[in-house]
Amino acid sequence: MTGNDFLQLGFYLIILVLLALPLGRYMAKVLQGEKTFVDTVLGPLEKLVYRVCGIDSDKEMNWREYAVSLMAFNILGIVTLFILQMIQGLLPFNPQGFSAMRWDLALNTAVSFATNTNWQAYSGESTMSYFTQMAGLTVHNFVSAATGIAVAVAMIRGFTRKQVKTIGNFWVDLTRSTLKILLPLSIVGALLLVSQGVIQNLSPYLTVNTFQGGSQTLAMGPVASQEAIKELGTNGGGFFNANSAHPFENPTPFSNLLEMLFILVIPVGLTFTFGHMVKDTKQGWVLFAAALILFVLMTGVSYSSEIAGNPLISKIGISGASAMEGKEVRFGVVNSALFATITTVTSCGAVNTMHDSLTPLGGLIPILAIMLGECVFGGVGAGLYSIFTFVILTVFIVGLMVGRTPEYLGKKIEGFEMKMAVSAVLIPSTCILLGSALASVIPAGTSSLANAGPHGLSEMLYAFSSASGNNGSAFAGLSANTYFYNIALSMAMFIGRFGVILPLLAIAGSMAGKKVTPVSAGTFQTTGGLFAGLLAGVIVIIGALTFFPALALGPIVEQLMMWVGKAF
Amino acid sequence: MIKMKILRRAFMLLLVMTIITGIAYPLAVTGLAQVIFPHQANGSLIVQNGQAVGSELIGQNFSDPRYFHGRPSTAGKDGYDAASSGGSNSGPTNRSFLDTAAQRADEVRKENGLSPDAPVPSDLITASASGLEPYITPAAAQIQVTRVAKARNMSVQKVQVLLDQCTKGRQFGFLGEPRVNVLQLNLALDTQ
């Protein structure tokens with residue numbers, strides 16, 4: 001490890017927290033409907049949206065109405081995005097003349113973007129018109145992230161309200177999150193990225209005559225506007241196939257720093273938002289601390305493994321880092337390992353390095369981060385509501401140990417909440433394990449593999465983890481554009497998204513109706529280092545118990561084989 | 001009936017959001033970018049005699065000994081296809097990838113007149129993630145200096161000076177890694 005690598009890691013973390021603190025406070029104001037400095041411009045726009053859509057912004061919803069509105073909006077989104085891809089050939093902004101996609105690919109992409117997964121079985125520059133990219137994919141980058149924030153804020157209301165039935169208004173939460181949080185940040189973010197060389201135009205692809213006398217066709221497009229929200233909304237669907245490794249998406253080390261900041265700034269900020277909304281900032285800090293412990297640990301493993309590198313390559317007789325396959329020189333090992341961790345602890349899934357070519361343990365970290373439920377800061381909104389699931393499990397386990405009724409923020413955690421919280425953990429885990437088990441025993445699953453040996457299992461495990469966890473990154477050697485993977489992964493994405501959201505909204509509804517028990521000497525404090533440590537421990541133990549056997553057969557055994565010099 | 005009302009609201013909100021975030025937002029950013037950063041927004045093109053010959057951010061295929069060579073590329077059929085980006089996705093224990101890497105190392109050694117056990121900079125035997133990376137490490141450029149000078153009948157010192165000029169340090173002194181833009185270096189050689 002060089003001093004400069006340390007410097008880059010430390011600098012990133014410090015800037016991240018410095019940006020997330022004020023953003024967290026700002027988001028709390030926006031989500032509670034307070035006035036902020038953006039209201040002069042965006043206030044009237046927000047009101048106009050409500051008027052056009054016939055939304056009564058003062059009307060509150062109970063959890064069932066909230067859930068029905070959310071599902072209606074998202075399913076409609078899937079249907080319209082599917083149709084858009086099937087008729088893109090008839091629509092404007094299509095200088096390359098791309099025609100309709102195959103139905104299973106269009107379905108996969110529609111579910112993928114509406115669920116904030118952004119798994120890409122397609123290759124952007126060779127299938128998607130500019131219109132589909134803008135009016136389809138970019139829109140869902142915004143609203144799927146806003147859906148996540150809405151669910152998180154509904155849960156916070158459940159914790160803070162006393163003996164009421166309602167948890168907010170879905171339309172209002174969605175609109176405010178989009179217009180006042182995601183949109184202004186994206187505009188600033190996109191322009192910063194363009195300054196570094198990210199392209200933003202509507203020109204047809206440009207063919208040039210190269211130095212050596214050949215020709216090269218440069219893909220063009222409105223990239224920066226999608227790039228900014230792709231990171232800020234932890235979506236991760238690249239404009240191009242190579243995603244954030246493509247020089248037109250991520251040209252410089254500074255653009256890379258910006259993108260890494262964009263991915264985590266809202267999820268980290270939301271832990272602080274939570275503190276402000278429950279009027280006890282310590283409650284926010286403790287969630288931040290638990291996530292930070294796990295984040296630093298995972299970054300450490302990922303970085304060390306990539307620096308230690310690939311002995312099978314070192315054997316050839318090389319200088320420099322041995323694990324450079326699938327990495328870009330301008331980012332180097334440290335920024336590749338850091339990006340890989342950031343993109344998978346969140347539900348982002350953008351990549352600046354090809355995860356399939358990471359060292360086995362370096363590749364284990366992204367899979368594990370997704371398997372843990374992306375609660376280490378996690379996706380926009382999705383991370384916070386996943387952390388709440390583990391908070392509930394933690395106070396329950398602690399309650400069992402000390403023999404008291406578990407409580408969180410003065411609310412009793414009872415049988416119903418436990419059933420729902422456990423469902424929210426089990427549903428995606430089941431999708432991951434059953435899905436990859438199925439894929440590994442049928443030819444339709446194994447014929448798509450690009451690598452033999454244990455790495456092949458890792459590819460399938462990664463695919464189902466990524467889909468169920470709504471991440472979207474991949475061990476991309478797997479040929480995922482087949483009927484089997486397109487359909488199976490669509491199902492995993494849908495269940496992994498709404499199979500978590502619905503139980504959690506039910507918890508929000510049930511919590512909102514409860515009384516607040518006054519704090520007494522026997523109340524277990526959910527602030528402070530002890531609770532942060534317990535929370536981090538519960539996350540790791542549940543993840544390890546569920547997934548260790550599968551991981552042992554994939555990346556762990558591959559690492560051991562690599563050390564003894566075996567190739568497949 | 002209540003359900004119809006929800007569906008209508010969902011549809012209207014989706015439509016309004018499509019107009020705001022899917023049309024107004026990208027077009028507004030396009031407009032601003034084209035005014036403030038027109039060079040970057042249009043692909044950082046390198047123009048020679050009024051004709052674009054490439055982008056300073058996108059690598060090109062170089063096999064001629066007179067040029068510095070970039071990294072192996074898996075973009076498209078022949079590499080450096082800027083309408084078909086992507087990496088090899090070869091895993092670390094993939095035998096065919098390891099064989100290819102060893103073969104590339106031998107080629108690099110032969111091309112540059114190195115001894116058969118000389119260490120080869122790793123970026124010259126591994127494919128980048130995008131397949132379009134325009135950069136190599138300074139070490140990877142250094143071992144090509146003598147070959148390029150010989151092929152061009154130039155003095156080694158002269159090529160070295162150009163290489164030093166085209167070597168970029170870390171951004172702001174600490175971000176990323178030191179690197180050489182192969183395209184710009186070759187352009188500098190050609191315009192000598």
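I began with strand β1 (residues 206-209) of chain A, which pairs with β2(A) in the antiparallel sense over four bridges. Strands here are DSSP E runs of at least two residues, helices are H or I runs of at least four, and both are numbered from the N terminus; two strands pair if DSSP finds at least two bridges between them.

A note on conventions: this is a predicted model, where local features need pLDDT of at least 70, side-chain atom pairs count only at pLDDT 80 or more, and totals for chains, interfaces and linings use all residues. Residues are numbered from 1 along each chain as its sequence is written, chains are lettered from A and ligands numbered from 1 in the order written, and side-chain values use heavy atoms, without hydrogens or water.

I looked up the partner of A:Asn209 and found A:Ser215 in β2(A). Five residues sit between the strands of this hairpin, and A:Gly213 has a positive phi near 95 degrees.

Next I checked the faces of β2 (residues 215-218): A:Gln216 and A:Leu218 are on the covered one, A:Ser215 and A:Thr217 on the uncovered one. In a regular strand, side chains alternate between the two faces of the sheet.

Zooming out, I counted 19 helices and five strands in chain A. The radius of gyration, over C-alpha atoms, is 23 Å, close to the 24 Å of the globule rule for 568 residues, so chain A is as compact as a globular protein of that length. That rule is 2.2 Å times the number of residues to the power 0.38.

Last entry: the C-alpha atoms fill a box of roughly 75 × 55 × 50 Å along the principal axes.

Terms used: Buried < 20%, exposed > 50% of the residue type's maximum accessible area, 1.4 Å probe, protein only.
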